[in-house]
Amino acid sequence: MTDNNSKLRAVLLAALMVLWVFAGTMAFAGSAAAVNEGADVTISNIAVDDGSTDATATYTITSEVSDGPATVGSMKLDFNDASTNGIDVSSASIDSVTSDNEDAAIDTSTTGGNFVNATFTGTAELGGTVTVTVSGINNPSDAGDYQLEQAAWSGTSFDGSSSNSTDTYAIGTTQERNEASGADKAWTSATTRWQGQDLFFDRSTAPDDLSNYQLREFDNTAVSEENRVGNLETELTFDGDTTLIDTSDLEGDYVITATREGEGRRVIITGSNGGYNSDVGPATGDSEDAPVEIAVQDLDATLEDEDGDEVDEVSLDDTANLTLDSNRNGYDLNVSSENLTQNQLETLFTEDGDLSDADIDDTRDEDNITLLGLQSDEEIELNFSSDNDIESGDVLDFNFEVDDTTANASTSIDIQDEVDGSVDFEQAQYTEQRGDIVTLNMTENELDEFDLTIGGDNVNYKATVTVEPNDDGVVKIDINTYLLSRVPADYGQQRDVFYAEEGEITNAEDNIGEVSRDRVLDPDLYDVTDDGFRFRLGESDVWKAAAEEGAVFTNALTLTNNGDEAVTVAAVGDGGSLDGLSLQVEGAEGLDLTRHGLVLESGDSVSINIEVFRTFDIGSDLVVRFDATTE
């Protein structure tokens with residue numbers, strides 16, 4: 001009976017040995033099997049004494065034996081996962097295999113391909129914690145997380161039953177692995193990151209008793225500290241010990257949390273490279289240092305002239321300033337155009353612009369360029385040069401996309417023929433009182449039509465007047481500064497804001513609707529482009545009185561000629577001289593009253609009736625504009 005049972009047992013064991021050999025072969029391809037009697041050897045940790053890229057390092061592989069001890073006679077370590085990243089194990093060897101139960105006596109250690117092998121002089125009963133030390137490994141040249149597969153056989157010739165296990169080891173600093181992962185930035189506590197960025201988090205230095213990592217909302221303003229950690233955003237999935245957090249749908253404050261048995265959920269505080277630093281309870285004061293703010297980046301792009309006014313056209317071989325406004329510093333901006341090649345874009349921004357080659361990256365996309373390290377307020381001069389194969393008639397579209405967020409903007413500009421003509425102004429600057437008529441005298445050279453731009457953003461008023469010279473090339477325009485900015489820019493008649501005494505006004509428009517003004521322009525210097533002509537409106541010297549429109553003042557003014565020659569008083573607003581006239585006004589001095597055709601001989605005196613026909617306020621005084629007639 002005993003002999004029969006022994007024979008039967010031997011047959012069954014032989015059959016099992018065949019099964020284990022088969023299972024061992026399959027296990028190395030990714031399944032799991034026990035070395036003997038159900039024992040498994042499972043990797044719990046891989047430590048690298050020098051984790052720098054390209055360094056020669058010693059790897060310490062720690063495993064745990066379940067249902068052991070495990071009978072092991074040979075072992076193989078597979079580094080194939082790093083084979084394309086420059087790992088070299090040709091000089092490596094397994095130096096020792098120890099365990100809590102029994103150590104193995106290594107007979108040979110060899111290498112082949114990306115494998116490091118060891119055979120023992122006999123089988124060893126490995127139990128508890130098993131530690132395998134491998135030296136002479138030349139680390140991968142690329143930072144990242146890699147897998148190592150360990151296989152153990154019960155036979156000394158890589159035969160018999162087997163058990164295999166896979167785990168991850170890290171090469172490179174946290175920062176290097178951050179960059180290698182394709183992340184835009186690290187998940188760093190107490191910092192601002194931007195919506196759309198992929199953020200790197202590394203848990204490799206976190207305690208092993210932390211699990212179930214989650215991304216949750218965080219509210220520093222919560223009345224109760226218990227309620228600071230809010231709703232679940234997502235559970236984190238790791239590739240080894242690292243993960244990328246997608247922020248494209250996030251806005252606000254967020255924290256990474258993990259669970260520790262017996263303590264519940266913990267708030268993770270991370271360092272500048274996105275690695276674990278510490279963990280705290282959600283209701284402690286330290287938790288307020290853990291959140292990362294996810295902000296939304298804005299971006300605005302405009303093309304402007306030298307005065308800071310937005311333009312949509314520019315003459316060929318002339319310049320315009322690209323102004324970029326954002327709420328973020330230190331960002332990279334991708335620039336593309338359907339009308340310009342990458343080489344033309346690069347020339348426009350460097351050789352013909354303000355930037356240097358170091359400010360631009362042309363390697364990220366073959367059609368675009370990337371402007372590097374921009375600040376929140378940037379102004380870049382661009383020269384639309386014919387040497388850059390830019391032609392008159394081109395309409396150039398520009399698209400701007402921030403490299404790591406969803407912020408974008410666009411603008412375009414028309415390239416016009418270079419203008420050879422010019423406009424000559426009779427004077428470089430006029431000074432007139434507020435409310436008076438300013439008369440511009442101009443002579444054009446080879447221009448059929450030109451625009452006059454009056455004012456600008458710096459004086460909170462801007463008007464554009466299109467004029468055609470007369471046959472002699474002369475333009476004479478009256479600007480009613482009393483109506484200017486009070487009413488829309490009308491033209492054509494003397495009572496309008498703009499009136500052409502010589503030549504013709506074909507169009508006039510202003511920004512009165514944008515600035516919502518209904519008052520006479522303030523005293524200031526108002527540019528009139530072309531060629532830098534300016535007029536200045538000074539403080540008005542007109543009579544200030546408590547009068548209303550329609551009031552009549554009889555004999556309120558006496559004009560006396562105290563000079564030796566006759567004086568003609570010019571029309572209102574025409575800038576005529578009152579030199580030699582003494583003006584006597586009841587209750588006021590320095591009244592500017594002029595009337596066309598009024599001639600005073602030496603010693604003559606005349607009384608004037610004044611009828612108020614329009615008024616406007618300056619401060620608390622009522623300023624009166626009037627017509628005047630003699631008695």
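Me: Why does Asp-209 count as partly exposed?

Reply: Asp-209 has 43% relative accessibility. Buried means under 20% relative accessible area, exposed means over 50%, and partly exposed is what lies in between, using a 1.4 Å probe and protein chains only. So at 43% Asp-209 counts as partly exposed. Before we go on: this is a predicted model, where local features need pLDDT of at least 70 and side-chain atom pairs count only at pLDDT 80 or more, while totals for chains, interfaces and linings use all residues. Residues are numbered from 1 along each chain as its sequence is written, and side-chain values use heavy atoms, with hydrogens and water left out.

Me: What makes Asp-209 and Arg-260 a salt bridge?

Reply: A salt bridge is a side-chain nitrogen of Lys or Arg within 4 Å of a carboxyl oxygen of Asp or Glu. Here the N to O distance is 3.0 Å, so the pair passes. The two ends sit in distant parts of the chain, 51 residues apart: Asp-209 is in the loop between strand E12 (198-202) and E13, and Arg-260 is in strand E16 (residues 252-260). Helices (H or I, at least four residues) and strands (E, at least two) are DSSP runs, numbered from the N terminus.

Me: Is Arg-260 buried or exposed, and why?

Reply: Arg-260 is at 11% relative accessibility, so it counts as buried.

Me: How do you know that Arg-266 and Asp-279 meet in a salt bridge, and what does the pair tie together?

Reply: Their N to O distance is 2.8 Å. Arg-266 lies in strand E17 (residues 264-270) and Asp-279 in strand E18 (residues 276-280), so the pair ties together parts that are 13 residues apart in sequence. Both Arg-266 and Asp-279 are buried.

Me: What about Arg-364 and Asp-361?

Reply: That pair is a salt bridge too, at 3.0 Å from N to O. Arg-364 has a relative accessible area of 39%, so it is partly exposed. Asp-361 is at 17%, so it counts as buried. Elsewhere, shared partners join Asp-209, Arg-260, Glu-263, Arg-266 and Asp-279 into one network of salt bridges. By this rule the count comes to 13 salt bridges.

Me: Which buried residue has no salt bridge, and how do you know?

Reply: That one is Glu-346. Lys and Arg count as positive, Asp and Glu as negative, and His and the chain ends are not counted. On that basis the nearest side chain of opposite charge is Arg-364, and it is 12 Å away. Leaving aside neighbours within four places in sequence, Glu-346 is in contact (heavy atoms within 4.5 Å) with Glu-351, Asp-357, Asp-362 and Ile-369.

Me: What stands out about the phi of Ala-190?

Reply: Phi of Ala-190 is near 60°, a positive value in a residue other than glycine. Ala-190 lies in the loop between strand E10 (185-186) and strand E11 (191-194). With a relative accessible area of 60%, Ala-190 is exposed.

Me: And where is Asp-317, and what is its phi?

Reply: Asp-317 sits in the loop between strand E21 (313-315) and strand E22 (319-326). Its phi is positive, about 70°, although Asp-317 is not a glycine. At 35% relative accessibility, Asp-317 counts as partly exposed.

Me: How much of the protein chain is buried, and how many helices and strands does it have?

Reply: Buried residues make up 46% of the 631 residues. The secondary structure comes to four helices and 44 strands. Among contacts between residues at least 6 apart in sequence, 68% join residues at least 24 apart.
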